[in-house]
Amino acid sequence: MKRILFIPAAGLGSRLGALTQEKPKALVEYEGRPLIEWTMRKAERAGFAEAVVNVHHHADRLEAYLRQRAAAGEAEATATAPGRDSQGGHRASGGRPLRCRISDERALLMNTGGALTHALPLLDGYGYVLVHNTDVFSNLDLNRLCADFEAAGADAMLVLQDRDTDRRLAVSSAAGRIYGWYNRKTGAWKPGAGAPAAFAAATMHTYAYNGIHILKTDVIRTWAGLYGGAPFGLIEAYLRTADRHKAVAYFPPEPFLWRDMGKPEAFEKPLGFEPLS
């Protein structure tokens, strides 16, 4: 099944404070590399060839970075023998660096779900989309994730983990299907469309969403029909269409190591794992 990477990079990066006043979050550096560079290299190592990146906050700076990267990658691919990784690590198993196209949100920030419908003209023609936030690092095997998604027969698959956070997704233990959203601190409960009557806050299993998910482009088309050109949230859309599109949980094999890079303190300590694996 033909696949493409989508990198959400339009957000304001408010949690990073001063670090994002003059640059987009995607260009904030960790160990000498912009966050988006870590994401792109991980995808290239997994053999991804195509990507879409959305832009809004300091859009010109991010577009300039991607243009420069593309030019350097083309020169590197020409100079490097086939099948050999260069020291820069841009190449993927002898292939070329990611071909990136821009989904422009300068006029209106489309939120996490609306970003996908806004980019649909660039995503159409692909079987499914891997969405990977720039502010999450992990040792997740992207190829295994894609293979497991293709084998699951689901319309979407969200990477979940039982970690300490209040906002959580509710999962059916029988089939791993995502049926609701729960706030552990406030007790707020939002069931998804078509959730079984017996599936309630008292009986559900809840897990944290980790900023990585896969969905078929058919799901994005459904959302486009529901929301038009308006901004909307990702989880809201998954719950609204839970009766039409089967979204399931994905629990990566252990040891699964993950870090939220959207907070300043995340930059102050070593990772302790290889995020490009």
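**Buried residues and aromatic pairs in a predicted model**

Q: Which residues of α1 are buried?
A: The model is a predicted one, and a residue counts as buried when its relative accessible area is under 20%. The buried residues are L35, I36, E37, W38, T39, M40, R41, K42, A43 and E44.

Q: Which residue just after α1 takes a positive phi?
A: Helix α1 covers residues 35-45. Just after this helix, a positive phi of about 90 degrees is taken by G47.

Q: Is the pair formed by the rings of W38 and F137 stacked, edge-to-face or tilted?
A: Planes under 30 degrees apart count as stacked and those over 60 as edge-to-face, with the rest in the remaining class. The ring centres of W38 and F137 are 5.3 Å apart and their planes stand at 45 degrees, so the pair is tilted.

Q: How many residues apart in sequence are the parts that W38 and F137 tie together?
A: W38 is buried at 8% relative accessible area, and F137 is buried at 2%. W38 belongs to helix α1, whereas F137 belongs to strand β7 (residues 136-138), so the pair joins parts whose separation in sequence is 99 residues.

Q: Which helices hold W223 and Y238?
A: The aromatic pair of W223 and Y238 is edge-to-face, with 5.0 Å between centres and 80 degrees between planes. W223 is buried at 0% relative accessible area, and Y238 is also buried, at 8%. The two residues are 15 residues apart and link distant parts of the chain, namely helix α6 (residues 217-227) and helix α7 (residues 234-240).

Q: Which residues does L5 contact beyond its neighbours within four places in sequence?
A: The largest nonpolar core has 35 residues, and L5 is among those that touch the most other members, as are I36 and F48. A second, separate core of 30 residues includes I4 and A119. With neighbours within four places set aside, the contacts of L5 are A43, F48, E50, A51, V52, L98, L130 and H132.

Q: Which residue lies over the face of F48?
A: F48 is a member of the largest nonpolar core. At 3.8 Å from the centre of its ring, the residue over the face is R3.

Note on methods: Residues numbered from 1 in each chain as written. Predicted model: local features only at pLDDT ≥ 70, side-chain atom pairs only at ≥ 80, totals over all residues. Heavy atoms only, no water. Core = buried A, V, L, I, M, F, W, Y, C linked by side-chain atoms within 4.5 Å. Buried < 20%, exposed > 50% of the residue type's maximum accessible area, 1.4 Å probe, protein only. Contact = heavy atoms within 4.5 Å. Phe/Tyr/Trp six-rings, centres within 6.5 Å; stacked < 30°, edge-to-face > 60°. Helix = DSSP H or I, 4+ residues; strand = E, 2+ residues; numbered from the N terminus. Lys NZ or Arg CZ within 6 Å of the ring centre and 35° of its normal.
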